[in-house]
Amino acid sequence: MISDGYVAIENEAFRLIRNNLHKANVFAFGIGSEINRWLIESVARAGMGEPFVVSRPEEAAAVSTRFSEYVRSPVMTRVELEFAGFDTYDVEPVQVPDLLAERPVTVFGKWRGDAAGAIRMTGLAANRPFESTLPVERFRTDASLPALRNLWARHRIAQLGDEYILQP
């Protein structure tokens, strides 16, 4: 998406992006001296990416180069996650975007009961099927660490804030 950010379909664009992460990549690139930064940043957040903004002509080459490097190297496409052996809920994003060399995929969620079982990740790497299973027990963390809860909460608050602003 390349825009100055002043469009009349923010709500529709935002939901379209969120609901189709598994079908396409969306990158927010704002151009202009009076950019709607909220929209560009929200679109980037919905697309699980980084916003790119050019507000002055002399910035164009550097920002374009950074953008090109960002999208150049897809590592895995059609990424799917399955959780087995433990009860997960509030997992975000609902649709996992493609994994790029410059864009890691971060998945937030909660679980009930013991953190035991496995997370199975599938997708296409170099256009070949890829599968990896990660045993949850191997990645246990101290439950008293508040940072993990805060990361999920901040992500969720940002999402809810975007949705609230878009309400008619």
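## First stop: a charged pair on a helix

Select Arg156 and colour by accessibility: with a relative accessibility of 27%, Arg156 counts as partly exposed (buried is under 20% relative accessible area, exposed over 50%, partly exposed in between, using a 1.4 Å probe and protein chains only). Before going on, know that this is a predicted model, where local features need pLDDT of at least 70, side-chain atom pairs count only at pLDDT 80 or more, and totals for chains, interfaces and linings use all residues. Residues are numbered from 1 along each chain as its sequence is written, and side-chain values use heavy atoms, with hydrogens and water left out.

Arg156 and Glu92 form a salt bridge, with the closest N and O atoms 3.8 Å apart (the rule asks for a side-chain nitrogen of Lys or Arg within 4 Å of a carboxyl oxygen of Asp or Glu). Arg156 sits in helix H4 (residues 146-165) and Glu92 in strand S5 (residues 87-92), so the pair ties together parts that are 64 residues apart in sequence. Helices (H or I, at least four residues) and strands (E, at least two) are DSSP runs, numbered from the N terminus. Glu92 is buried, at 12% relative accessible area.

How many salt bridges does a search of the whole structure find? It finds nine. Select Glu50 and Arg66 for another one, where the closest N and O atoms are 2.4 Å apart. Glu50 is in the loop between H2 and S3 and Arg66 in helix H3, 16 residues apart. Both ends are partly exposed: Glu50 at 31% relative accessibility, Arg66 with a relative accessible area of 37%.

Next, pick Glu82 and Arg120, whose side chains meet in a salt bridge at 2.8 Å, N to O. This pair links strand S4 to strand S8 (residues 118-125), across 38 residues. Glu82 is partly exposed at 43%, and so is Arg120 at 28%. Then highlight Arg56, Glu58 and Glu59, which are linked in a network of salt bridges.

## The sheet

Stay with S4 and S8 and switch to cartoon view. They belong to an open sheet of four strands in the order S6-S4-S8-S9, with antiparallel pairing (two strands pair if DSSP finds at least two bridges between them). At the edges are S6 (99-100) and S9 (128-135), each pairing on one side only. Zoom in on S4 (residues 74-84) and S6: they run antiparallel and are joined by two bridges. Met76 stands opposite Leu99 in S6.

## The aromatic cluster

Rings of Phe, Tyr and Trp (its six-membered ring) pair if their centres lie within 6.5 Å; planes under 30 degrees apart count as stacked, over 60 as edge-to-face and the rest as tilted. By this rule there are seven aromatic pairs.

Start with Phe29 and Phe52, a stacked pair at 6.2 Å centre to centre and 15° between the planes. Phe29 is in strand S2 (residues 29-31) and Phe52 in strand S3 (residues 52-54), 23 residues apart. Buried or exposed, what are Phe29 and Phe52? Both are buried. Phe52 counts as buried at 0% relative accessibility, while Phe67 counts as partly exposed at 23%.

## The cores and helix H1

Finally, select Phe14, Ile17, Ala28, Ile35, Leu39, Ile40, Val43, Ala44, Ala46 and Val53: these ten make up the largest nonpolar core (a set of buried Ala, Val, Leu, Ile, Met, Phe, Trp, Tyr and Cys residues joined through side-chain atoms within 4.5 Å). Helix H1 (10-19) and helix H2 (37-46) are the elements that give two or more residues to this core, and H2 gives the most, with five. A second, separate core of seven residues includes Phe52, Val63, Tyr70 and Leu100.
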